[in-house]
Amino acid sequence: IQLRTQVGPLLAMAHWSSGPGREGLIIIDEFNRAPAAAVFGDTIALLDAEKRSGGSNLGARISRPFPHENMEVPAEYALPGGDVSVSESISLPRSLSIIAAMNSTDRSVAPLDAALRRRFAIIAVPPDYAALANRLGTVVPNPSAQFAATLPYTPDDIKELALRLLMTINDRIEQLLGGDFLLGQALLWQVTGSNVEELALSLVQAIEERVLATLRLTFVDQDEALAAILNIPPSPATSPVGYWRTPDGLLGNVAPPRLILKPISDHGPWQAQIAALAKILGA
């Protein structure tokens with residue numbers, strides 16, 4: 001067995017970007033899926049703008065791991081003259097940018113290290129309703145207007161309903177939990193169909209499997225809040241979307257009514273399913 005050091009993407013791109021006239025970019029998705037500060041290691045000290053190298057400024061430098069071993073970047077990261085050797089003392093050039101994306105409300109990962117977080121500009125990326133409207137081939141509806149579609153439904157009615165559902169649910173979420181918990185347009189990105197029925201069934205599937213599934217995880221043991229999000233009246237009232245189950249017998253003395261969501265797809269013909277979804281809006 002033989003072990004040898006190998007250059008990772010950060011040092012490889014830093015080496016390439018240090019060439020004259022070059023601008024490098026590293027994009028990191030799911031930034032908080034790993035212990036990011038540990039992954040960056042000592043290079044975290046080189047991220048600050050004032051510590052970058054470039055021009056006559058040598059920048060801050062650190063000794064790389066295993067400094068006495070020869071480390072080379074792949075040929076595609078070589079400098080213009082063909083140099084592939086990584087110096088024992090490394091810096092990060094100003095021409096190297098790093099973009100990292102993360103879900104600030106993901107509970108299944110470790111929180112981002114404060115020292116690493118303050119080295120980045122934090123930019124909130126809210127749901128992009130215009131992008132979803134463009135994907136569906138329609139326009140963003142006026143939020144102050146009511147959804148007024150009636151039978152027979154048209155493809156434009158289904159597209160409008162999709163956008164209004166996401167916008168309305170997000171407005172209620174923002175009032176209850178804040179902007180960090182808003183649902184993104186990706187949850188409805190696969191709503192497609194060559195006719196009104198296919199489009200409607202695609203929307204129902206996306207709401208059931210993606211939107212409602214996400215809301216159940218977000219509002220665990222918060223039945224009243226989830227009911228408010230979905231426009232389900234308080235117990236003992238019911239709606240096409242859900243109902244309240246009162247515990248039987250002695251359980252009623254110790255347990256409150258629980259919210260049970262109804263499968264939208266159980267409402268018969270697709271027209272009835274769309275009408276059930278419209279109830280979430282209050283239509």
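Reply: This is a predicted model: local features need pLDDT of at least 70, side-chain atom pairs count only at pLDDT 80 or more, and totals for chains, interfaces and linings use all residues. Residues are numbered from 1 along each chain as its sequence is written, and side-chain values use heavy atoms, with hydrogens and water left out.

Me: Why is the pair R119 and D48 called a salt bridge?

Reply: A salt bridge needs a side-chain nitrogen of Lys or Arg within 4 Å of a carboxyl oxygen of Asp or Glu. In R119 and D48 the closest N and O atoms are 3.0 Å apart. That is within 4 Å, so the pair counts. By this rule there are six salt bridges. D48 and R119 also belong to a network of salt bridges that includes K51.

Me: What parts does the pair of R119 and D48 tie together?

Reply: R119 lies in the loop between α3 (114-117) and α4 (129-136), and D48 in the loop between α2 and β2, so the pair ties together parts 71 residues apart in sequence. Helices (H or I, at least four residues) and strands (E, at least two) are DSSP runs, numbered from the N terminus.

Me: Are R119 and D48 buried, exposed or partly exposed?

Reply: Buried means under 20% relative accessible area, exposed means over 50%, and partly exposed is in between (1.4 Å probe, protein chains only). D48 is at 16%, so D48 is buried. R119 is at 24%, so R119 is partly exposed.

Me: What makes E160 and R164 a salt bridge, and where do they lie?

Reply: Their closest N and O atoms are 2.7 Å apart, which meets the rule. E160 and R164 are four residues apart in helix α5 (residues 155-176), so about one helical turn separates them. R164, at 8% relative accessibility, is buried. E160, at 22%, is partly exposed.

Me: Why are L25, I27 and I99 called a nonpolar patch?

Reply: Patches are made of residues with over 30% relative accessible area and no salt bridge; like charges are joined within 9 Å, nonpolar side chains (Val, Leu, Ile, Met, Phe, Trp, Tyr) within 5 Å. I99 has 47%, so I99 passes the area test. I99 lies in strand β4. Together L25, I27 and I99 have about 300 Å² of accessible area, by the Shrake-Rupley method with a 1.4 Å probe, where for residues only the protein chains shown count as cover.

Me: What makes a space a pocket, and what volume has the largest pocket?

Reply: On a 1 Å grid over the protein atoms alone, a pocket is an open set of points where a 1.4 Å probe fits, with protein on both sides within 12 Å along at least five of seven lines; lining residues have an atom within 4 Å of a point. Grid points are joined across faces, edges and corners, and a volume is the space filled by probe spheres set on the points. The largest pocket has about 1,500 Å³. It is lined by 38 residues, and M102, N103, S104, T105 and D180 lie nearest its centre.
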